[in-house]
Every structure is written in structure tokens, then in C-alpha cells.
Amino acid sequence: MLQVSTYRKFLPPEKAPSQQNPFHLEAEMKPLALLRPLTISSSPSHFPSVPKPQLHNHRLRISCASIPPETLKKESEISRTEYKAGVLDDFLLNSFRNKLVQEVGWDSEKPGYDGLIELVNGLMNKGKTNSETSDAAVRILASLFPPLVLKLYKILISPIAGGKIAAMMVARVTALTCQWLMGSCEVNSVDLPDGTTCQSGVFVERCKYLEESKCVGICINTCKLPTQTFFKEYMGVPLLMEPNFNDYSCQFKFGVLPPLPEHDTALREPCLEICPTSSRCKEATQNLNVQQCPKA
């Protein structure tokens with residue numbers, strides 16, 4: 001017994017938990033570390049900065065850039081569609097052309113709208129004066145309607161509501177039935193002499209008749225003046241037509257009286273740049289500016 005006690009006396013004492021091997025403690029604590037929440041030190045020296053992953057959502061990506069004016073202009077020109085004639089338009093064109101043939105005395109060999117423009121030029125050349133040409137155009141317009149219809153409209157419809165009902169009606173009929181002749185147009189509001197506004201206007205975006213005829217005189221003497229006269233005398237509706245010879249647009253104002261010829265600025269317009277008569281006049285006058293269309 002003495003020997004055993006003596007032997008135990010010289011044995012090294014048991015180590016406390018704090019004095020145990022740190023490597024052995026770390027191995028035992030690894031499973032517990034996985035169960036504890038991860039703590040990250042704010043000191044950059046302990047953990048290097050890791051770049052954050054970037055999320056790409058191509059569906060939500062928006063690119064903003066200015067569009068050059070030239071591109072916008074080209075897109076607007078492409079998006080603008082011309083008026084496509086239908087069956088009714090072909091019927092109206094042929095009817096109008098037949099009345100022109102009766103007035104001029106001959107027919108053009110060109111088909112469609114080109115032949116119509118050639119007949120209009122023949123109407124201009126046939127008249128000895130601009131007044132004769134305008135009177136002939138009025139007769140053509142009147143021959144397109146049954147005479148009884150025109151008389152009843154002037155007597156029964158025109159006096160209603162001071163003429164506003166009749167003005168609005170003819171504006172809508174004009175916009176619906178004359179696009180084959182003038183191109184795309186729409187009804188709009190105009191100012192009347194009594195200070196009110198009325199949906200009795202028709203705005204022509206770009207008049208095909210003016211663009212194809214290439215002549216201010218044809219516009220004035222075969223369209224503007226005779227049309228104003230026809231609606232006032234045959235249907236009892238005043239009309240003012242305001243053609244724009246810069247952009248080829250035209251504003252119809254039903255219910256508005258036109259000015260006297262001496263005060264109408266449209267009658268003093270110079271030739272169009274595309275007018276063949278203007279080109280010949282400039283050559284004959286040694287490139288002098290032509291102040292007024294000779295046919296107006």
C-alpha cells in the first residue's frame with residue numbers, strides 16, 4: 001500500500017479544462033460552431049471584402065438616348081400613310097371626269113388621276129378669262145347633284161339654326177366623299193362671324209389636287225373660287241377656302257363668307273416652285289422673280 005501511495009504522489013495532477021490542449025478543444029468545438037450564428041467582425045483586417053454579386057435583369061433594363069431630328073423626321077414620313085381609294089372613290093372620280101369631258105369636249109388618254117389633271121389643264125386653256133374658267137367649274141360641280149336636291153337643301157336645311165346645321169352637314173359630307181380628290185382630311189372647329197365656334201371646318205393635310213396640278217392658277221380658278229360660289233349659290237352655305245401654298249394644306253370654313261377678290265391674298269400668290277409655267281417665265285424674263293401666278 002505504501003508503494004502505491006508513493007507512486008500516486010509522483011503522478012502529475014489532472015489538468016483543468018482551461019489547461020487542456022487547445023487543439024483538442026478546438027476539434028471538439030467544431031460541431032458546436034456550426035450550430036451558432038455566424039458573426040462577422042467589422043474590422044477589415046480579419047475578413048477581406050468580398051464583391052457583391054450583381055443581378056442582371058434584362059427585361060427591366062432601360063436605355064435612354066436622344067434621337068436625332070433626322071431620325072424622327074424619317075419615322076414620321078414612314079408612318080404617314082396615303083389615302084387609299086375605294087370603290088366609291090373610283091365611282092366619284094369617274095363621274096367627275098365624265099363631267100369634265102363634257103365641258104372640255106375631249107378626253108385624255110391617261111388613266112385615273114393623271115388623266116383628270118390633264119383635263120383640268122384643258123379646262124384652263126379653254127377659258128378665255130379666269131372668270132370663264134371658274135364659271136365652267138361651277139357648272140361641273142352643279143351637274144354632279146340632282147337639281148331638286150340642291151334646291152330643297154337650300155330652302156329647307158340652310159335656314160336652320162342660323163345656317164350652322166347645314167354648314168356642319170356639308171363639312172362632314174365633304175370630308176367623307178372628297179378624299180379621293182384632295183387626300184386625307186378631317187373635320188375641325190372654325191370660328192364663325194358671330195363669335196362662336198362650330199364643327200363646320202375641313203382641314204386638308206396636303207392637297208393632292210394642288211400638288212399634282214403644280215399650279216396656283218388651277219387651284220384658284222378650278223377649285224377655290226368655283227367651290228365657294230357653288231356652295232353659296234346652290235346650297236345656301238357660305239364657304240371660305242384658305243389654301244396654304246407653302247405646305248399644300250387647305251382649310252375649309254363652312255359658314256364663313258369669303259372676302260372680296262381685291263382683299264383675298266390667295267389671288268395674289270406667286271407661282272409654285274414646281275410650276276412648269278413659272279420655270280418658263282423665269283427663263284423668258286432672265287431669271288427675274290415672278291410676283292404673281294399668270295394664271296391666277
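Modeller: Let me start with a term: two residues are in contact when heavy atoms of theirs lie within 4.5 Å. What you see is a predicted model, in which local features need pLDDT of at least 70 and side-chain atom pairs count only at pLDDT 80 or more, while totals for chains, interfaces and linings use all residues. Residues are numbered from 1 along each chain as its sequence is written, and side-chain values use heavy atoms, with hydrogens and water left out.

Colleague: Which residues is S249 in contact with, leaving aside its neighbours within four places in sequence?

Modeller: S249 sits in the loop between β3 (239-243) and β4 (250-254); strands here are DSSP runs of E, at least two residues long, and helices are runs of H or I, at least four long, numbered from the N terminus. With those neighbours left aside, the contacts of S249 are F203, V204, E205, R206, E242, P243 and N244.

Colleague: Why does S249 count as buried?

Modeller: Buried means under 20% relative accessible area, exposed means over 50%, and partly exposed is in between, using a 1.4 Å probe and protein chains only. S249 counts as buried because its relative accessibility is 7%.

Colleague: What volume does the largest cavity have?

Modeller: On a 1 Å grid over the protein atoms alone, a cavity is a set of points where a 1.4 Å probe fits but cannot get out, whereas a pocket is an open set with protein on both sides within 12 Å along at least five of seven lines; lining residues have an atom within 4 Å of a point. Points are joined across faces, edges and corners, and a volume is the space filled by probe spheres set on the points. The count is one cavity of 30 Å³ or more. The largest cavity has a volume of about 80 Å³.

Colleague: How many residues of the lining of the largest cavity are nonpolar?

Modeller: The lining includes S249, C250 and F252, and α10 (208-213), α11, β3 and β4 each supply at least two of its residues. Ala, Val, Leu, Ile, Met, Phe, Trp, Tyr, Cys and Pro count as nonpolar, Asp, Glu, Lys and Arg as charged, and the others, Gly among them, as polar. In this lining no residue is charged, one is polar and the nonpolar ones number eleven.

Colleague: How much space lies in the largest pocket?

Modeller: The lining of this pocket has 33 residues, and L141, L144, F145, T177 and C178 lie nearest its centre. That lining divides into 28 nonpolar, five polar and no charged residues. The space in the pocket is about 830 Å³.

Colleague: Which backbone oxygen does the side chain of S158 reach?

Modeller: S158 lies in the loop between α7 (147-157) and α8 (164-177) and is buried, with a relative accessible area of 8%. Not counting residues up to four places away in sequence, S158 touches residues including Y153, G163 and A166. Its side chain comes to 2.5 Å from the backbone oxygen of M235.

Colleague: What is the phi of K214?

Modeller: Most residues other than glycine have a negative phi, and most peptide bonds are trans. K214, in the loop between α10 and α11, is partly exposed at a relative accessible area of 32%. This residue other than glycine has a positive phi, near 60°.

Colleague: How far apart in space are N130 and I220, C-alpha to C-alpha?

Modeller: N130 lies in helix α6 and, at 30% relative accessibility, counts as partly exposed. In sequence N130 and I220 are 90 residues apart, and in space their C-alpha separation is 9.1 Å.

Colleague: How many disulfides does a search of the whole structure find?

Modeller: A disulfide is a pair of cysteine sulfur atoms within 2.5 Å. C198 is buried at a relative accessible area of 5%, and C271 is buried too, at 12%. Across the whole structure, the number of disulfides found is zero.

Conventions:
A polar contact is a pair of N or O atoms within 3.5 Å; within protein, one must be able to donate a hydrogen and the other to accept it, and residues adjacent in sequence count only if both atoms are side-chain atoms.
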